[in-house]
Amino acid sequence: MSAETLARWQFGITTVYHFFFVPITIALSLLVAVMQTIWVRSGDEKLLRLTKFFGKLFLINFAMGVVTGIVQEFQFGMNWSEYSRFVGDIFGAPLALEALIAFFLESVFIGLWIFGWDRLPKKVHLAMIWLAAIGTMISAIFILAANSWMQNPVGAHFNPATDRAEMTSLIDVLTNPVALVTLPHVLTAAYLTAGGLILGIAGWHLAKIGKPGSEKQEKDASAYRWATKFGAWVLLVAGALSVVTGDIQGKIMTEVQPMKMAAAEALWETEQPAAFSIITIGTLDGSQEVWSLKVPGVLSFLATGSFDGKVYGINDLVKKMESEAFTNSNVQLQKEVSDRLAKVGVENWVPNLPVTYWSFRLMMGLGFLAMAIGLWALWVTRKGGVPKAGKLWTAMMFAAPLGPLFGNSFGWIFTEMGRQPFIVFGVLPTASAVSPGVSAFEVGLSMVLYTVIYGALAVIEVGLFMHYAKLGLPDVVEPQVITDEDAPLTFAY
Amino acid sequence: MFILEVPPTGAAFGLQVLWFILIAVLWIGYLVLEGFDYGVAMLIPFLGKTEKEKRVMINTIGPVWDGNEVWLLTAGGATFAAFPAWYATLFSGLYLPLFLVLVGLIIRGVSFEYRAKHPDSRYRTLFDWMASIGSFLVPLVFGVGFANFILGLPVTTDAASPNLFVLSPSPYFWQLFSWFGLLGGLTLVALFLFHGSLFLALKTKGEIHDKAQAFAAKVGLVAIGLGAIFLIAQNLLHPTGALGWVLLVLAAAGLASAWWFNGKGRDGIAFISTTATILFVAVGIFLTMWPGLGFRDAAGGADSPLNAMNASSSQLTLVLMTIFACIFVPIVLAYTAWAYSVFRRRLGTENIPDDEPAPALAG
């Protein structure tokens, strides 16, 4: 395999893996902050127990997010040095700002939150988790602005003297329409996932306790009931918003990357109105579709907002690209760089269709599945109802977080694979962005070792996570600020 | 908001100088802060004889190590934003060494968190070793790296894209391990062990404090010996004039002062002394890296073909980044200082509760 193919796989593996931890970090930090806020305001002990319980699960997850995130920042330079050189003037800024503004905030305040229970007054300590949660959100703003620039490279021009893209306006980069709609979509998907996680764990415990037999069980059940409903509501509200934002995103995508929308459906011929196939049996290369389940007009609606809108097919889009490429683009950089692009050459304008087609459906399907579970959970727990423990309930409680978690992965796989063959859409082909000096041996070796290390860590992390999730709510004592230098800390590592 | 038009380029060398200095400052922040947590973590399996002693050690760095590491990430991000070609050439050129750094950072980063939570003591021992080995690996590689920046990494333009610089020969790996490169690695490890044991002494009380002091007295001599050879060799191999020798004397004075005050039981002044040493050594190294950024001409020419001017971002990006840095660096410094003051208390084994990692009370 070539260094380029290996570098692509390495990016895929390390990035998908990293993003298992990101949505939970972003959303659970804030949801734990909400729980702690309710406790601080009401003094309700069950909220303190929930804060500690989900806080611990949050930290197990957070540690992995931190260490796998470092790889992300380094690998642009390691595997994609020509990309880094070509776009660094624009792409580097949000990355640096993310570290300076967001990572410091997250890291310093999460440390204060973990170790500060008995050193900071209650309200100051509460502010620590809020600041850390805000840090994770600022981080999302910058990294999504960076990614959205790769989809729609606005705010930049081409400088032939330096042979690279250079910034014309940071405001344009940060207010890229793709970024403005991607941010809420990614955030709501994160809350959908974390809501599912809270629902899944609390709901599982609630069913396990069943009818409380002791005072302690009564106490536990009341906390789990609160969390089950809280998680389900977060899941449903976030899920609904992710549908809305995803819909807007689809329309913007159709404007700036029509090929990606065609690839989402594997739509070969332009159609008006265009149907959306829920499932297709057979190949997607336009040659031998055996059977597909189609809903008329829905693809038109997803792409244009009208049920009889015109959706361009792959054949027409390829024809257009082969004749004019991006010479008539509204995006300054794409237009200016088109001569260079013609020299570099594009081998195949069409993304990998089986990947785009199925990842698009899995993203949506898994999200909807979780929302159905959320509704079901609310229905079952209404008016003090207790879910019946059993295989079905357990399966649903696992699916509530895992569905959206993998849905997130498929969403990203769709968005990144749908951008191919470009690393920066219409500007720089992925094949020409790899590090020229790096050998297949180096990329291959590091990829194998990353996979081994990540695999081993996954076993440990999942084991610990399950251990503490099953252990359930901890007993708590009200945290007090300790002033005696020799007294044991109420909490230490 | 501020600047919507592209200002005329080629205006000044000024912002390149400023960003080179800022990147040096970020590295110094990283080396000073994470330096001590590497030192402490390396020592966990060796100085911590009992479970509680190990936990005292971890708790001295637990609240702050993650923030310390962000200095490195910000240095990396700032290099990407301000000098994209430097970032591109360096990170791809030193592929395997950076991979080792990442492995080190990964295995140590998870170990603190998981050690505190894993119910099985065999796993806790494993995590202690992961923390220790990871914390050894990173400064070892960075030490070798900085020594090679002093010598200059040989670059040439890539045949396919003349604006991209690559190391030559490529891959450039075994060449890194000259005697001077290896000396750099060992020196940085020794320096961090010294710095870390002084931090441990400063932050602990009782038996573990005395052990840290005794260890510092020993490793301090090693650090002084290696540091002296390294700094003299640096000034001979890559002279930076009188300033280089002044920095050498200051760095050496810092080490001597750290050793002396450690012997007198003055933990605070001893720790400040190694901090000063790290500062002076880093300033000396970054001086040798201007304006060639730690590269040299692979063809043997006098000047590096890749330098702070042709590696840098456009004027607009540098101006914007400067504005953000002016606002946020002071803010970061302020809340970081506050975080350190919150955890200023010395810890002893009597402060460590019994029940971790049992279910109760954990955050």
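## A first look at Ala266(A)

Does Ala266(A) count as buried or exposed? Ala266(A) counts as buried, because 24 C-beta neighbours sit inside 10 Å and the cut-off for being buried is 20 or more. Keep in mind that this is a predicted model.

Ala266(A) has something else going on: its phi is near 50°, which is a positive value in a residue other than glycine. To find Ala266(A), look in the loop that runs between helix H8 (258–265) and strand E3 (276–282) of chain A.

## Another positive phi

Ala325(A) also turns up with a positive phi near 50°, and it isn't a glycine either. This one belongs to the loop between helix H10 (314–324) and helix H11 (332–336) of chain A. Ala325(A) has 19 C-beta neighbours inside 10 Å, so it counts as partly exposed.

## Chain A as a whole

Step back and chain A shows 15 helices and 6 strands. Its radius of gyration is 24 Å, close to the 23 Å that the globule rule gives for 493 residues, so chain A is as compact as a globular protein of that length. Along the principal axes, its C-alpha atoms fill a box of roughly 75 × 55 × 40 Å.

Of the 493 residues in chain A, 55% are buried. Take the contacts between residues at least 6 apart in sequence: 78% of them join residues at least 24 apart.

## Cis bonds in chain B

Over in chain B, the peptide bond from Ser168(B) to Pro169(B) is cis, with omega near 0°. Pro169(B) has its place in the loop between strand E2 (165–167) and helix H7 (179–203).

Trp290(B) and Pro291(B) are joined by a cis peptide bond too, with omega about -5°. Here the loop holding Pro291(B) lies between helix H10 (267–288) and strand E3 (295–297) of chain B.

Technical notes. Residues numbered from 1 in each chain as written. Chains lettered and ligands numbered in written order. Predicted model: local features only at pLDDT ≥ 70, side-chain atom pairs only at ≥ 80, totals over all residues. Helix = DSSP H or I, 4+ residues; strand = E, 2+ residues; numbered from the N terminus. Rg over C-alpha atoms; globule rule 2.2 N^0.38 Å. Buried ≥ 20, exposed ≤ 12 C-beta atoms within 10 Å, placed from the backbone. Contact = placed C-beta atoms within 7 Å.
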